[in-house]
Amino acid sequence: MKTNTSFIHSSSIIDDDVEVGSGSKIWHWCHISKNATIGKNCILGQNTFVGPNVQIGDNCKIQNNVSIYEGLIISNNVFIGPSVVFTNVINPRALIERKQEFKKTIVNEGVSIGANSTIVCGIELGKFSFIGAASVVTKSVSNFSLVYGNPAKHKGWISRAGIKLNLPEIGNGISSVCLKSNKKYILQKDLLLEIEI
């Protein structure tokens, strides 16, 4: 199916009361559940599932085989690699109904999540953070933080442009400039601030 403003492949299922922004593309075998909102210029790869009431911002790229369950909020400019797993219940049991216990997970602007990573619910991924492939993220992640592993741990700092910065893990007033974007970053204890120069 093609509309005036977006492309939806004929094999995909779109439930009632779904909003799909202009310029977005939904490819083969996707299912978008009721009351979901997908922003402008998004790409949803094959076999993507979007649960009820999920919000996805503008300019997001969601690769093949990703399920985005209710309770997840995705901001603008987010990249989600193939086969990333999100959860929405901390302690699931097949015999116990826990729909009233869904935990909110927030994926902030510019986050990149590598292929085959698992994001445990109830956490927040900070702006422009970068999650390495095959990571298991169990705790919230700071803005511009590079994390990877099982469990994922802070391994350094990364710029808005996705370039690793030459900075220690913790410092006060130490700065670095991203060679790609020419933006300056200043480390204040365990927080990284982006400064226009």
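## Salt bridges

This structure contains two salt bridges. A salt bridge here is a side-chain nitrogen of Lys or Arg within 4 Å of a carboxyl oxygen of Asp or Glu. The model is predicted, so local features need pLDDT of at least 70, side-chain atom pairs count only at pLDDT 80 or more, and totals for chains, interfaces and linings use all residues. Residues are numbered from 1 along each chain as its sequence is written, and side-chain values use heavy atoms, with hydrogens and water left out.

## Arginine 98 and glutamate 101

Arginine 98 is buried, at 16% relative accessibility. Glutamate 101 is partly exposed, at 39%. Buried means under 20% relative accessible area, exposed means over 50%, and partly exposed lies in between (1.4 Å probe, protein chains only).

## Arginine 160 and glutamate 194

Arginine 160 and glutamate 194 also form a salt bridge, at 2.6 Å from N to O. This pair links distant parts of the chain, 34 residues apart. Arginine 160 sits in the loop between β22 (153–158) and β23 (164–165), while glutamate 194 belongs to strand β26 (residues 191–195). Strands are DSSP runs (E, at least two residues), numbered from the N terminus. Arginine 160 is partly exposed, at 39%. Glutamate 194 is partly exposed too, at 23%.

## A nonpolar patch

Val177, Leu191, Leu193, Ile195 and Ile197 make a nonpolar surface patch of about 420 Å². Patch residues have over 30% relative accessible area and no salt bridge, and nonpolar side chains (Val, Leu, Ile, Met, Phe, Trp, Tyr) are joined within 5 Å. Accessible areas come from the Shrake-Rupley method with a 1.4 Å probe; for residues, only the protein chains shown count as cover.

Strand β26 gives the largest share, three residues. Valine 177 lies in strand β24 (residues 171–177). Valine 177 is partly exposed, at 35% relative accessibility.

Methods: Helices (H or I, at least four residues) and strands (E, at least two) are DSSP runs, numbered from the N terminus. Patches are made of residues with over 30% relative accessible area and no salt bridge: like charges are joined within 9 Å, nonpolar side chains (Val, Leu, Ile, Met, Phe, Trp, Tyr) within 5 Å.
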